[in-house]
Amino acid sequence: MRPVVDESICIGCGACYDVCPVEPKVMELREIKDKGMKSIIVNPEVCDFGAACIRVCPTGAFKLI
Ligand code: SF4
């Protein structure tokens, strides 16, 4: 299993980042040219699969697959 973000529906709200309990965090918020803020997976290996990010994501962009 691994964390993924569907960039096409991520609105960059930062909710996933705020609730991510591990350090370093699994994701970062980055400004992507012509697309706005997006949650980008940067440390998938530290994910604890607690799914806090999935519960708070308002668009369903964050997934564990
Ligand atoms: S909570 Fe969902 S919509 Fe908000 S930044 Fe994270 S992946 Fe994107």
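A residue is classed as buried if 20 or more other C-beta atoms lie within 10 Å of its own, as exposed if 12 or fewer do, and as partly exposed in between, with C-beta atoms placed from the backbone. By this criterion, buried residues account for 18% of the 65 residues in the protein chain. The structure is a predicted model, in which local features need pLDDT of at least 70 and side-chain atom pairs count only at pLDDT 80 or more, while totals for chains, interfaces and linings use all residues. Residue numbers start from 1 along each chain as its sequence is written.

The protein chain contains two helices and four strands, where helices (H or I, at least four residues) and strands (E, at least two) are DSSP runs numbered from the N terminus. The order of elements from the N terminus is β-α-β-β-α-β. The radius of gyration of the protein chain is 11 Å, close to the 11 Å given by the globule rule for 65 residues, so the chain is as compact as a globular protein of that length; the radius is taken over C-alpha atoms, and the rule is 2.2 Å times the number of residues to the power 0.38. The C-alpha trace spans about 30 × 20 × 20 Å along its principal axes.

Backbone exceptions occur in loops. Glu 23 and Pro 24 are joined by a cis peptide bond with omega of about 0°, and Pro 24 lies in the loop between α1 (15–19) and β2 (27–32). Asp 34, not a glycine, has a positive phi of about 70°; Asp 34 belongs to the loop between β2 and β3 (36–41) and is exposed, with 4 other C-beta atoms within 10 Å.
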